[in-house]
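Here are a few notes to read alongside the model.

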Amino acid sequence: MINLKFFNPKIDEEDLMKSYDAPVLKKAKEILGITDAWVTYSWGFSKQTEQEDYRFLEEKLENFQTLDIKTHAYVQGTNLVFDEHKEQDYWCRDLQGRLIPYHRGRALCCPNNPAFRNYLAQKVESACQLAVDGVYVDNFHFGQFPVPLKPFVSFFGCHCSFCQKKFREKTGKKLPVAFDLRLHETQAYVLFRTQSLMQLAGELSAIAKAHGKQFGSNSFDTGLDTKLFYGTDSNQLQAIQDYVLLENYNHPAAGKNNHQLGQDIRQSPVPVFIVSYKQAIGKHTAFSQHDINLIHSESMALGYAPCYKASEFTTRGTWHNLDFFTLQPPSSVEYSTTLNTNTDISLPGAGFITYLINRFGTLFLERMYERPTYRKLFGWIIDRLTTRPAKQKHHPQPAPL
Ligand SMILES: [Zn+2]
């Protein structure tokens with residue numbers, strides 16, 4: 001996947017291939033007390049391409065079992081590698097009927113498309129045949145992400161024929177082609193999209209449970225309205241899944257923290273795992289002892305299960321794993337509990353900008369993902385935006401626990 005997603009990456013393959021070896025896992029458990037591991041099963045390539053991945057995982061599962069580490073088979077969610085599935089029509093469409101790219105070489109798939117639903121159900125079913133403890137579906141969101149320029153919002157979700165038909169059947173109306181959060185039809189579309197995705201989550205969870213396996217999917221936590229942005233409802237996910245796994249950029253070393261999630265963590269009926277990145281994937285060197293200490297300390301204070309990113313670090317341009325042999329068991333350290341600031345955007349001319357995004361957004365994304373210079377420029381901009389530290393002047397006191 002690293003080879004597909006990035007341009008000519010240098011990869012320490014020997015290091016990556018050792019990830020599931022007994023000495024590495026033993027050390028990880030000794031240092032970090034690992035209880036659960038999310039292990040590679042399907043990254044959205046064809047079955048033929050993934051054969052060696054299936055075999056690799058099957059051979060290594062015993063190493064996890066010996067150490068009593070639960071395994072969750074990673075299944076790519078609502079996007080697939082386009083070239084490896086181009087004979088199928090699983091794809092989301094934008095307002096102009098174009099495919100919607102999702103990183104380089106991949107396109108978004110529609111949760112309302114019966115063929116894709118069947119594909120994903122089969123994938124969960126086949127993962128359940130392995131001696132894993134659970135199945136985890138990553139990148140679980142519905143179609144395009146919106147750009148919010150309140151009260152307007154750019155095109156989001158999917159405009160394929162299946163979505164159009166289903167929306168008409170449910171509401172008697174056409175799918176909206178312009179979005180204004182003050183309008184009933186936009187709100188009806190937000191609800192329709194969320195219900196569709198949560199229904200799919202329920203079906204996948206039922207398959208896993210029928211095999212006695214746990215089920216989970218990823219939840220992006222960017223402080224935004226998840227129903228509008230991703231089509232997910234955290235309350236429903238908590239009811240459907242055996243745990244919640246939040247991914248965000250709130251690593252305390254990046255000047256942020258997870259204290260705004262304190263109440264959600266306390267009220268969740270299922271365990272909450274949080275994986276906080278310092279920067280986008282592949283953009284920084286491995287976590288230091290201090291980085292690990294910060295995550296550990298915050299997880300103890302807030303009561304969540306810390307999920308440590310173990311791979312996809314880069315040093316001098318080479319991709320490698322976290323080296324557990326250089327680490328000590330974490331100790332408690334102080335960190336800033338200043339609350340993160342709101343990220344709502346409000347601009348003059350928001351309606352016109354939204355129109356431009358709807359018209360040209362997909363073309364722009366194609367260029368951004370497929371051409372190195374565009375990618376470099378926008379990667380830099382996104383890094384600056386996502387790693388912006390919280391403003392220190394707000395809420396100087398820690399959030400109550
Ligand atoms: Zn659709």
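1. Isoleucine 11 has tryptophan 319, in β15, as its bridge partner. Strands here are DSSP runs of E with at least two residues, helices are runs of H or I with at least four, and both are numbered from the N terminus. β1 runs parallel to β15 (residues 318–320), with 2 bridges between them; two strands count as paired if DSSP finds at least two bridges.

2. A word on the source: this is a predicted model, where local features need pLDDT of at least 70, side-chain atom pairs count only at pLDDT 80 or more, and totals for chains, interfaces and linings use all residues. Residues are numbered from 1 along each chain as its sequence is written.

3. The open sheet has 3 strands in the order β1-β15-β14, with mixed pairing. Its edge strands, β1 (10–11) and β14 (313–315), each pair on one side only.

4. Now to a helix pair: the axes of α5 (residues 114–127) and α7 (residues 184–210) come within 9 Å and cross at roughly 30°. Axes are lines fitted to C-alpha atoms, for helices over the stretch in contact, with angles from 0 to 180 degrees between N-to-C directions. α5 is therefore roughly parallel to α7 (angles under 35 degrees count as such).

5. Where they meet, α5 contributes Arg117, Leu120, Ala121, Val124 and Glu125, and α7 contributes Leu200, Glu203, Leu204, Ile207 and Ala208 (contact means C-beta atoms, placed from the backbone, within 7 Å).

6. Overall, the protein has 13 helices and 15 strands. Its C-alpha trace spans about 60 × 55 × 45 Å along the principal axes.

Methods: Angles under 35 degrees count as roughly parallel, over 145 as roughly antiparallel, 65 to 115 as roughly perpendicular and the rest as oblique. Two residues are in contact if their C-beta atoms, placed from the backbone, lie within 7 Å.
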